[in-house]
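User: Hi! I am new to reading protein models. Could you help me with the terms?

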There are 2 protein chains.
Amino acid sequence: MTAHRDQLDALGVAADHRQANGAGRTVPDATVARLALYLRALTSLADAGTATVSSESLASAAGVNSAKLRKDLSYLGSYGVRGVGYDVELLTEQIRSTLGLNQNRAVALIGLGHLGQALAGYAGFASRGFRIAALVDNDAALVGTFVRGLAVQHSDELENLVRAEDISIAVIAVPASVAQEVCDRLVAAGVTSILNFAPAVLNVPPHVDVRKVDLAAELQILSFHDNRKAVQADIEADAALAHSNGAGLSARAGQAGTA
Amino acid sequence: MTAHRDQLDALGVAADHRQANGAGRTVPDATVARLALYLRALTSLADAGTATVSSESLASAAGVNSAKLRKDLSYLGSYGVRGVGYDVELLTEQIRSTLGLNQNRAVALIGLGHLGQALAGYAGFASRGFRIAALVDNDAALVGTFVRGLAVQHSDELENLVRAEDISIAVIAVPASVAQEVCDRLVAAGVTSILNFAPAVLNVPPHVDVRKVDLAAELQILSFHDNRKAVQADIEADAALAHSNGAGLSARAGQAGTA
DNA sequence: ACGCTCTTGTGAAGGCATTCACAAAATCGA
DNA sequence: TCGATTTTGTGAATGCCTTCACAAGAGCGT
């Protein structure tokens, strides 16, 4: 439970990423994942005209607790003022800089089915320092059409585009059956970071990062918790029943062990 | 780096979910998140006609190491055979049961923009025990159209649909500006698990679970690591330079500290 | 029946991340 | 100037997850 405090993706595979920042420190992975949240909250605050924010209110806007927020920010350096809070603009800039968002990175998007189209149109990308520089699909009906002002190119052009636009980040939104092949070509062309929406495990060389978004997995995780609630409710109902009954195991309470 | 071993979403907010399974144990959240991966790998194996699999090969198919896989499976009980491996079908059934996927849960999908349409058509949902039972949008142009054989309903019907279909899981794919309102209505109608694609923090009562998929955040995390690689490369280049030079700080190496 | 080989299941150790709790710093009012 | 108040930054403690490493169990050939 614990409501919105509850996000935990934790596919939990250890990682050894660490970045030295200006102060020579290191930023934990869990912190990096949250910096993006803080950035979004800060952007809202800035839009609302707020100049200064305390760890308490920024934390609640981002849905985390304030101790964690302060610890996270401390990895970037000391950009708050005791007794006052954080300067919204300064902190925004620090986070953007830490995340490397000040370079307007070029991104390639491979696959323009519904998901690809949704991603191409996602305002959050453009507004946060990412420029979609290449749209690629192998469907002849799509090639040459324009999506958000950019022409879709045939997948034969993939390598040329990656090199011409100096693209290091790619988003894969193709069917699972061709994901590995697309991935291999991207890597060969020089891409070093991949966001994968295809339900497939990608094998890449050690210098390449892959992040995966698995839509079905997300639902399954929810399902587990939802199921747990149902079972729990049953157990409680049984306990109440047992009180007047003596028996205490309903048919449904055993469902978690069904084969 | 560490290639495909590298998935770690870890927005890392503590959670206190625990489920008692048949054996009365408890399943860690990190394990639950990976069960979905194992399930996918097992499905491929079954399709390929494999009857038995070792922890080593299942682990590599899922992109994790075998010790972790075995530990994860041990939370479900003892379904392997020493010296032999795991029976693919039995293990699949155990995982499905643990995740509560044997009940063909009804899911509501709110918002049928490109992302919503992509989700509606996502084969992974149907094939893994989820039945999309309601499509809702407030755009008059969409209401009444059919998406994958199901009619889109007007958002006024949201509460009725949730109750009629006994829906406990909903997917929010609407703009951030209306996400909280949609969320409130879903919760009031009885939904207890929400998968949120809108870039907004949702406030919900304690008995409701929210999982969030933040597309921009994913790219930003990649950006961080990509940036780190660039900085690292610069540092190494500097070191090499310093060797013959004595100076050793290129203009670009300082970028992480830019304001 | 027995020893060899293979692979699981799991205590124990180690590593990260979160949370706690408080000293240090900054502002404000008197 | 000084004390009260606020809020940051951070050591220390706690807890969760991963990894290690090996004993226990299962099959197989002889």
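Analyst: Happy to! Strand 4 of chain A and strand 8 (residues 169-172) of chain A pair in the parallel sense over four bridges. This is a predicted model, where local features need pLDDT of at least 70, side-chain atom pairs count only at pLDDT 80 or more, and totals for chains, interfaces and linings use all residues. Residues are numbered from 1 along each chain as its sequence is written, chains are lettered from A and ligands numbered from 1 in the order in which they are written, and side-chain values use heavy atoms, leaving out hydrogens and water.

User: Why are strand 4 and strand 8 of chain A said to pair?

Analyst: Two strands pair if DSSP finds at least two bridges between them. Here there are four, so strand 4 and strand 8 of chain A qualify. One bridge sets A108(A) against A170(A) in strand 8 of chain A.

User: What makes D72(A) count as buried?

Analyst: Buried means under 20% relative accessible area, exposed over 50%, and partly exposed in between (1.4 Å probe, protein chains only). D72(A) has 2% relative accessibility, so it counts as buried.

User: Which residues does D72(A) touch, not counting those up to four places away in sequence?

Analyst: D72(A) touches T31(A), R34(A) and Y38(A); contact means heavy atoms within 4.5 Å.

User: Why do strand 6 and strand 10 of chain A stand at the edges of the sheet?

Analyst: The open sheet has seven strands in the order 6-7-5-4-8-9-10 (chain A). Strand 6 (146-147) and strand 10 (209-212) of chain A each have a single partner strand, so one side of each is left without a neighbour in the sheet.

Conventions: Helix = DSSP H or I, 4+ residues; strand = E, 2+ residues; numbered from the N terminus.
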